[in-house]
Amino acid sequence: MSNIAISAAAAPSAASKPFLTRLGTGFVNRLVIIVPYVWLLFFFLVPFIIVFKISLSQTAIAMPPYTPVLDFSDGISGFFAGFRELNFDNYVWLTQDALYFKAYVTSVVIAAISTVLTLIVGYPIAYGMARAPATVRPTLLMLVILPFWTSFLIRVYAWIGILKPEGLLNQLLLSLHIINQPLVILNTYTAIFIGIVYSYLPFMVLPLYSSLEKMDYSLIEAAKDLGCPPTAAFWKITFPLSLPGVIAGCLLVFIPAVGEFVIPDLLGGSQTLMIGKTLWNEFFANRDWPVSSAVAVILLLLLTVPIMLFQQAQAKAQEQGK
Amino acid sequence: MKSLGSIRRDFAPWNDPNAKPYIQFDNVTKKFGDFTAVNNLSLTIFEREFFALLGASGCGKSTLLRMLAGFEEPTSGRILLDGQDLRGIPPHRRPVNMMFQSYALFPHMTVENNIAFGLKQEGMPKPDIEKRVAEMLKLVKLEQFAKRKPHQLSGGQRQRVALARSVAKRPKVLLLDEPLGALDKKLREETQFELMDLQQELGLTFVVVTHDQEEAMTMADRIAIMDKGEVMQVATPAEVYEAPTSRFVAHFVGNVNMFEGKVAERTANTTRIKGATGAEIVVDNAAESSKGADIVFAIRPEKIKVSSKRPADTVNALEGEVYDVAYLGDMTVYHIKLDDGQIVRASALNASRITEDPLTWNDRAWVSFRPDAGVVLTR
């Protein structure tokens, strides 16, 4: 795709070409740009609008289980009449029940702590991989991706076997006489952190690795040469230069972790309150599609708005740097 | 004040037996696995010297520099700097600074922060740092670029930032790894002279690694020519060019013609060499060689005269045919195929605009040279 764009942009004689050819390349260029937009339109925007529409309706015993809203079945006038009747009851409902607010906050806090933990675990791994001899790097990369070849669900279930009171970890610690009583890890927040760190580690390691790997090692040598001890050189040179990888990795872990449902459900037990679980309950236990859609819309806004603001600030900072 | 030329003319500590060496490589060997990068090498460099390590890639010159900077430790042997053994001293504690081939400018820092980096590590007070940075920026004429990031600079400007950063700490020795390698030809030539001025101004010892012989010849007080981890010759540029001690050095620096043969006769002052095909030349005695020994006479193209008739006043004249002519503007290079098949390269300065009787392809021609125009080599 980009080939076409590059060759067309690089052609110095574009102006001297016949008009139709120019129109042609312009069209091809535009087509190339359109493809991702069309993709986003169909697979993101349209589903989002559907979810948003459901969030504005009322629950009903029907198929599907909600009242029609903004429907074209009554023609254009019906559509506009529907507009006037629109209400945000479901959103109001979310603010009235403290459960949802608590669930959002807990989710964000758990996701944030997990992200930091994943970063702490993932950074040394990525650093080690990037500094490994070039011949073993593909193997290490393979090892990071390898867990993906087993079902996510099975891997989380496996953690139950490890963490439960009579599980592998406790057996090991008891037999080594490190502890006298089995530790209670399963069905606690600790188990959720372990599960999230374990499951999302590759998403942290891969972007970190790619930013660390392309870093010129002579920069570190230059820092040392100028009198900087190795540890200080890491914090002054390596870490700042890997920040794009750190940010990408953190976003890749944080965003899915906020909405995570399987890990808190299986490892966190019944008392943990996370928004993903709340959403699941509304949807499948209560069959309240409108409220669960509202939960989903709020979740999306909660995640995208800060990221968009952050990106805008970054773009501005970059512009000012020039 | 003395002019640059006269300072450099008087500067020859390597000829003074009492001069104290500043940097000393003692039987240094460096191995990477099975590969020997530097092989039992000994070398001395003097204070305030502009020293060049010249060689093809993979000859060990960069390894030598990196050992001096502390990025590599010698497998055996020792390196002394101002009398101090450098073994075990990590790079950040060595009083040397390096200018990297890639410049290695910190991309997330401005030009002034790049230059100030080393000074901050030293714990220099802030006002002093600011003063020194301003001084350095002025030195490399980049005052108005202080707030820029490296990616907003041209290649030449980046080179100057790298230079300013590496001299900002006033190191005892400045190491330069291919300092001009990334610049285009014109800028490279200008910068060569700037580097020389800078070295004089700061009074530092420079060790520069280069594969460009012209660069080494222009800038250095002495050149070490390296091959396969060994030093082939250490000498001033003029000595390296006019008096190479081996075929390798003669070939490596500039162009050269080699007449191979055996010693046919040796008199008090001259040696008669008989070539394999019968052609004979007479040259000044230089190396010890008995009759019948294999010997090579190496002569530079510009020391060979080309004429259409046999010159009357010369002992060495060989006849051949013009094989190739290359007009380069300032001079013309002739390739003459001698009657015994050897091709001789000769260059003639185009001192006048119009040459009468110019030689051209397939003309008969004579090449001639004086007995002292070249050197006799035995290895």
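**Confidence and labels**

Trainee: How do you know how confident the predictor is in chain B?
Mentor: By pLDDT, the predictor's confidence in each residue, from 0 to 100. Chain B averages 89, and 96% of the residues score at least 70. Over residues 1–6 of chain B, however, the pLDDT is below 50. Where pLDDT is low, the predicted coordinates should not be read in detail. The model as a whole scores ipTM 0.83 and pTM 0.79.

Trainee: What are the ground rules here?
Mentor: This is a predicted model, where local features need pLDDT of at least 70 and side-chain atom pairs count only at pLDDT 80 or more, while totals for chains, interfaces and linings use all residues. Residues are numbered from 1 along each chain as its sequence is written, chains are lettered from A and ligands are numbered from 1, both in the order in which they are written.

Trainee: Why is Gly268(A) called buried?
Mentor: A residue is buried if 20 or more other C-beta atoms lie within 10 Å of its own, exposed if 12 or fewer, and partly exposed in between; C-beta atoms are placed from the backbone. Gly268(A) has 24 such atoms within 10 Å, so it is buried.

Trainee: And where is Gly268(A) found?
Mentor: In the loop between α13 (262–267) and α14 (275–285) of chain A. Helices (H or I, at least four residues) and strands (E, at least two) are DSSP runs, numbered from the N terminus.

Trainee: How many residues of the two chains are in contact?
Mentor: 16 residues of chain A are in contact with 19 residues of chain B. On the chain A side, α10 (218–225) and α11 (230–241) each give two or more residues. The largest share, six residues, comes from α10(A).

**Domains, core and strands**

Trainee: How is chain B divided?
Mentor: Into domain 1 (4–245) and domain 2 (255–377). Those bounds come from an automatic or database domain assignment. The C-alpha centres of domain 1 and domain 2 of chain B lie 39 Å apart.

Trainee: What makes a nonpolar core?
Mentor: A set of buried Ala, Val, Leu, Ile, Met, Phe, Trp, Tyr and Cys residues joined through C-beta atoms within 7 Å. The largest one has 103 residues, and Leu68(B) is one of those that touch the most other members. Not counting residues up to four places away in sequence, Leu68(B) touches Ile23(B), Ile79(B), Val96(B), Leu175(B) and Val207(B).

Trainee: Why do β16(B) and β17(B) count as paired?
Mentor: Two strands pair if DSSP finds at least two bridges between them. Seven bridges join β16(B) to strand β17 (residues 331–338), and the strands run antiparallel. So they count as paired. One bridge partner of Gly320(B) is Leu338(B) in β17(B).

Trainee: Which strand pairs with β16(B) over six bridges?
Mentor: Strand β19 (residues 364–369) of chain B, in the antiparallel sense. There, Leu318(B) stands opposite Val367(B).

Conventions. Contact = placed C-beta atoms within 7 Å.
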